[in-house]
Amino acid sequence: MEPSEERDLSLEELAQGAKSATQVVATASTSTKNAALAMMAQEILAHSDEILAANEIDLKMASELGLASTAIDRLRLDHNRVLAMAQQIKEIIKLPDPIGQVTSGYRLANGLNVRKVRVPLGVVGIIYENRPNVTSDAGALCLKSGNVALLRGSSAAINSNRVIATLLRGAIGEVGLSPDVITLIPFTDRASAGEFMRLNGKIDLLIPRGGRSLVEAIKENATVPYVIDGDGNCHIYVDESANIEMAIEIIENSKVQRPGVCNAVETVLIHTKIARQLLSALDERLSSVQLRGDLNTTAIVPRALLATDDDYANEFLDLVLAVKIVDDMPDAIDHIRRFGTGHSEAIITESYANANYFCERVDAAAVLVNASTRFVDGNQLGLGAEIGISTQKLHARGPMGLVELTTEKYVIEGSGQVRS
């Protein structure tokens, strides 16, 4: 179905089409799903120029509307990013199909055989801002996990999303599956967003990919089950035993490589015993980054601005870094408990005991030891891709890949048993 055809259908009708498609994709064979994925990757590569031309239109509109540079970065596609989209789909092909996996099994004294089996969720609704790569990532992950992807992107990326979704739908149709396995909602107005969040009976799980305003809108308006892909106010604590050179490399990578994403570090906590040595080196290495710190930090780095509680609570998504000098690790953990969002927290240390202490006491979706926060990503962690990073505890937490897009059901086999 071409986008022009979709515009003739209401949101309710599009959602109903997506719901109907679950009946076939849920029982599709692994080979059929993998064939569709291979065709999807092929179509993206074959039509990369068409994708980039549509993206140029979106970028021009975004620039005219004055979108922030970090938002434009998330919106922007180039040949490498399009290649990465196709490559991620190919990586998903290699992953084990979770559907039908037996997660546990046992035999009762009465002779009943009980097993728990992975099954799809159904229709996974994704509402997202910018990020046209989400269209292909989400579509591919949902397909491999036997789900239907019902996609609602933002107006900023509508041209890119339309082209990508049309290519994916065509590829799915080539292998005999319903194109509605991936359905893009063409409406981008605010009213349709609210309606999307209330598609009871149509959406089985809703996942937002966007900023704080989108997450708050989900919390206020959604009447369907959802998993929050929340703020990434990530911290790095540099322990007194840390290797200084390692700490500098990790902090720079976590902040500078791509500052506008949720797994970029926003606050660095530094043990007082190494603060002067580390900050002097960071001041030079992070010359492009605006520093905001406590009084002890500004005394060592005069260019640093005095930080407020709002700074420590903020997800900057920019070349801005908050810094605080702490007395010890419990002080650092208290700061994380106060300001953290439960996304990703890291410690840099040469002490095995301190690493364990930090990992046991920090409550977050991901905790890292001597590694960049940028690794908290589905592709980097071997999931092929991700549909989001959950900062809540039910039903999924952390990067959500294929397994997190499934649920379980009991299959109970007997030989005529009745309950007494």
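The lining of the second largest pocket is made up, by class, of 12 nonpolar, 8 polar and 7 charged residues, and the model in which this pocket is found is a predicted one. The pocket holds about 580 Å³ of space, and of the 27 residues that line it, E129, R152, S154, T188 and R190 are the closest to its centre.

**The second largest pocket: which elements build it**

- At least two lining residues come from each of α4 (48-64), α5 (69-75), β3, α9 (190-196) and α10.
- Helix α10 makes the greatest contribution to the lining of the second largest pocket, with 4 residues.

- An α-helix has 3.6 residues a turn, so residues three or four places apart point the same way.

**The largest pocket**

- The largest pocket contains about 1000 Å³ of space, and among the 40 residues of its lining, N133, R258, V261, R374 and D377 lie nearest its centre.
- Helices α6 (79-94) and α7 (133-144) each supply at least two residues of this lining, and the largest share, 7 residues, comes from α6.
- Sorted by class, the lining of the largest pocket comprises 10 nonpolar, 15 polar and 15 charged residues.

- How many disulfides does the structure hold? The number of disulfides is 0, where a disulfide would require a pair of cysteine sulfur atoms within 2.5 Å.
- The sulfur of C142 has its closest cysteine sulfur in C262, at 18 Å, which is too far for a bond; C142 itself is buried, with a relative accessible area of 0%.
- For C359, the closest cysteine sulfur is that of C234, at 15 Å, which is likewise too far for a bond; C359 is partly exposed, with a relative accessible area of 32%.

**Backbone geometry worth checking in the viewer**

- Most residues other than glycine have a negative phi, and most peptide bonds are trans.
- In the loop between β3 and α7 lies N130, a residue other than glycine whose phi is positive, near 55°; N130 is buried, with a relative accessible area of 7%.
- R131 lies in the loop between β3 and α7, and although R131 is not a glycine, its phi is positive at about 40°; this residue is buried, with a relative accessible area of 16%.
- A cis peptide bond, with omega of about -5°, joins L394 and H395, and H395 sits in the loop between β14 (389-390) and β15 (398-399).

**Two residues and their surroundings**

- Apart from neighbours within four places in sequence, L37 is in contact with I89, I92, I93, A140, L143 and K144.
- The C-alpha atoms of L37 and V175 are separated by 9.7 Å, while the two residues are 138 residues apart along the chain.
- N253 belongs to helix α11, residues 244-256, and is partly exposed, with a relative accessible area of 29%.
- When residues up to four places away in sequence are not counted, N253 touches S372 and R374, and R374 is one of the residues that lie nearest the centre of the largest pocket.
- Between the C-alpha atoms of N253 and S63, which are 190 residues apart along the chain, the separation is 27 Å.

Terms used. Residues are numbered from 1 along each chain as its sequence is written. This is a predicted model: local features need pLDDT of at least 70, side-chain atom pairs count only at pLDDT 80 or more; totals for chains, interfaces and linings use all residues. Side-chain values use heavy atoms; hydrogens and water are left out. Buried means under 20% relative accessible area, exposed over 50%, partly exposed in between (1.4 Å probe, protein chains only). On a 1 Å grid over the protein atoms alone, a cavity is a set of points where a 1.4 Å probe fits but cannot get out, and a pocket is an open set with protein on both sides within 12 Å along at least five of seven lines; lining residues have an atom within 4 Å of a point. Grid points are joined across faces, edges and corners, and a volume is the space filled by probe spheres set on the points. Ala, Val, Leu, Ile, Met, Phe, Trp, Tyr, Cys and Pro count as nonpolar, Asp, Glu, Lys and Arg as charged, and the others, Gly among them, as polar. Contact means heavy atoms within 4.5 Å.
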